[in-house]
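Subject: Structure handover

Hi,

Here is the structure for you to look over. My notes follow below.

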Amino acid sequence: MARLSQIWPVLVLLGCGAAGDDGATREAVDSGADGADGAGEVAGEARWEVALEGLVGALLGVTTVGDEVWAVGADAGDGTGAMIVRGRMGGGWERIDARAVDPAGGHLWWVFAPDGGARVWMVGEGGRVLTVAREGGEVARVESGTDATLYGVWGASEEVLWAVGGYVAPRRGPPTIVRLTAAGSEVVALPEGLATEEGTFFKVWGEREDSVLVVGERGLVAHWDGLSWTSARVTGEPRLVTVHGYGHGLVAVGGTSQGVIIEGAGFEAVEIGAVAPLNGVFVEPDGAAWAVGMLGSVMRRDGVGGAWQLVASGVARGDWHAVHVDARGDVWVVGGDLLSRLDRGTLTRFGPVRDDLPRGEVEGLEPLAEEEVEAGPEVVEVVEQDVIEVVEQDVLEVVEQDVVEQDVVEVVEQEVVDEDVVEAVDIVEEVEEVVVPDVSEVTDASDASEGDGDVQTADDGGDVVVAADLEIGEIDYATGIFTALADGDPLGIVHGPQGGVHLEVALRFSCESDALEVAAALEIYVEVDGVVCARYLAPQYPVPVIAAGVCQSYVVPLIFDELDAAPYAGQVGKIEAVVRPPGGTLRRVLKVSLFDTL
């Protein structure tokens with residue numbers, strides 16, 4: 001395997017061309033200006049808006065070509081196959097049916113439209129390579145010669161394309177590169193040292209047919225110079241999920257437990273602070289760039305060498321997987337729930353108001369009902385607990401009911417359009433109040449320890465708080481019920497659909513706020529044998545206020561540094577959660593028994 005210094009001189013040549021994402025020369029386009037290919041009327045400043053949401057499968061890839069927007073994604077297992085969605089400017093959205101050529105179905109991870117090509121290409125599970133004719137919509141399957149999951153595809157033209165992928169646990173195998181031509185496909189012989197490597201490539205991108213770059217797990221980078229492939233590793237071996245560039249504006253993003261951005265021909269790491277893992281990146285002609293990732297993370301830099309800043313999109317709480325900037329400068333972002341289920345597909349756009357955008361729902365596909373989208377039954381009951389259960393929701397109607405010898409609180413979830421309303425409805429004459437631990441009664445911190453109910457002193461000099469006032473628990477996806485974990489309880493290690501392993505937990509604590517959300521800093525660490533091996537850090541996390549005095553987070557992933565569950569399964573994990581809402585700090589330490597869910 002080559003050193004980085006041996007292939008970076010070749011990578012610098014990527015700056016010699018001026019090809020865009022589709023391999024075509026483009027000029028920088030202001031997001032508020034009409035495009036050269038017939039933009040609709042525009043009005044006002046650029047803003048975020050949801051184009052599609054609540055789809056049965058998460059959306060994982062997005063591109064534009066001509067007057068069309070294409071998105072692909074997960075197979076929901078409902079017999080309708082993978083998500084393939086096309087939107088036409090000035091028209092509507094439609095779902096492309098691929099079952100005739102792909103009856104078994106499977107997730108599609110990426111979509112690409114070569115410059116000047118007649119077909120849109122998409123790749124996914126089981127070595128799937130599908131094409132859809134732009135005229136007529138005919139779907140075809142191309143044999144790839146591999147059963148590896150293909151996560152990315154790119155080509156300078158439709159004559160030669162490259163698809164990349166590999167194997168993630170529990171499957172084993174080497175990274176995979178497939179060359180696709182009109183004559184057929186060929187699985188590429190890997191460079192020396194890679195043939196015995198286990199893992200996967202995630203994305204491929206280039207600016208010319210003789211300068212192509214591939215990135216993957218453990219900092220793996222491969223480069224095609226038109227004659228042969230060479231490989232190297234980035235310093236620190238970060239997990240690299242997507243690469244894109246324009247001239248000297250090369251950027252790769254990824255990360256395991258924390259987001260990673262590396263830039264330039266030298267692939268230098270950039271300081272971005274505590275950000276969730278990043279999945280997608282797009283570099284514009286002027287060097288401005290967008291990066292998106294887990295837990296709704298959106299970042300932007302203004303140009304080559306510029307600082308990356310978090311952007312508040314405010315349109316969804318899901319995970320983002322891909323971003324694409326079209327010829328008019330509009331930004332298209334896709335995602336859904338990417339932790340384990342790959343559902344709740346969402347497509348959003350950032351740009352000025354236009355009168356020619358695709359409108360309406362996806363033809364041939366009914367979005368999930370709101371209560372299904374938000375995971376959980378219409379009514380959630382919690383028996384023998386002085387607490388309230390919550391599922392991700394902006395607006396709650398709380399119905400309280402008195403039950404003999406039990407405190408039962410039912411939460412009926414309801415969305416109210418354009419209103420922030422929480423309505424309490426009494427259905428009995430006497431209403432039991434939600435009992436919240438009284439922090440004010442704590443007056444002595446001399447006996448601080450890690451047990452339940454112990455007094456903790458805030459590290460930042462803030463208020464003294466009670467450990468029992470912060471609960472670490474799980475939310476059942478089927479019912480939406482929060483269950484607090486106790487010392488010694490089992491906690492499953494979840495395998496992500498794109499590799500990697502993580503734990504899924506939620507936090508609940510008392511709070512005093514009239515708002516629907518409380519902004520709190522979250523720090524959650526997992527130790528095994530005294531070594532921190534998983535974490536979740538969020539400097540500003542919007543924690544929903546689910547009832548008077550009660551806050552509860554959404555499910556958050558504690559992502560392990562290693563990509564396999566083997567080092568952790570059967571071990572005791574020590575979880576330390578620190579929450580810093582306005583006015584104080586809460587801390588809780590819990591020991592759980594880790595097991596592999598596979």
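Leaving aside its neighbours within four places in sequence, which residues is Thr146 in contact with? They are Gly126, Gly127, Tyr167, Thr176, Val178 and Val187. Contact here means heavy atoms within 4.5 Å.

Before the rest, the ground rules. This is a predicted model: local features need pLDDT of at least 70, side-chain atom pairs count only at pLDDT 80 or more, and totals for chains, interfaces and linings use all residues. Residues are numbered from 1 along each chain as its sequence is written, and side-chain values use heavy atoms, with hydrogens and water left out.

More on Thr146

Thr146 lies in the loop between strands E9 and E10 (149-154). Strands are DSSP runs of E, at least two residues, numbered from the N terminus. Thr146 is buried, with a relative accessible area of 15%. Buried means under 20% relative accessible area, with a 1.4 Å probe and protein chains only. Its side chain reaches the backbone nitrogen of Ala148 at 3.0 Å.

The four-stranded sheet

E6, E7, E8 and E9 form an open sheet in that order, with antiparallel pairing. Two strands pair if DSSP finds at least two bridges between them. E6 (108-112) and E9 (139-141) stand at the edges; each has a single partner strand, so one side of each is left without a neighbour in the sheet. Neighbouring strands of this sheet are turned by 25 degrees against each other on average, direction ignored. The axes behind that angle are lines fitted to C-alpha atoms. E6 pairs with E7 (residues 119-124) over four bridges, in the antiparallel sense. Val111 stands opposite Met122 in E7.

Strand E38

Five of the six residues of E38 (residues 490-495) are buried, so this strand is largely enclosed by the rest of the structure. E38 pairs with E45 (residues 586-596) in the parallel sense, over four bridges. There, Gly492 has Phe595 as its bridge partner. E38 also pairs with E39 (residues 501-510), in the antiparallel sense, over two bridges. The hairpin of E38 and E39 has five residues between the strands, and Gly499 takes a positive phi near 90 degrees in it.

Nonpolar cores

The largest nonpolar core has 55 residues. A nonpolar core is a set of buried Ala, Val, Leu, Ile, Met, Phe, Trp, Tyr and Cys residues joined through side-chain atoms within 4.5 Å. Phe201, Trp229, Phe267 and Leu347 have the most contacts inside the largest one. Apart from it lies another core, of 38 residues, including Leu503, Val528, Val579 and Leu594.

Best wishes

Notes: Axes are lines fitted to C-alpha atoms, for helices over the stretch in contact, and angles run from 0 to 180 degrees between N-to-C directions. Buried means under 20% relative accessible area, exposed over 50%, partly exposed in between (1.4 Å probe, protein chains only). A polar contact is a pair of N or O atoms within 3.5 Å; within protein, one must be able to donate a hydrogen and the other to accept it, and residues adjacent in sequence count only if both atoms are side-chain atoms.
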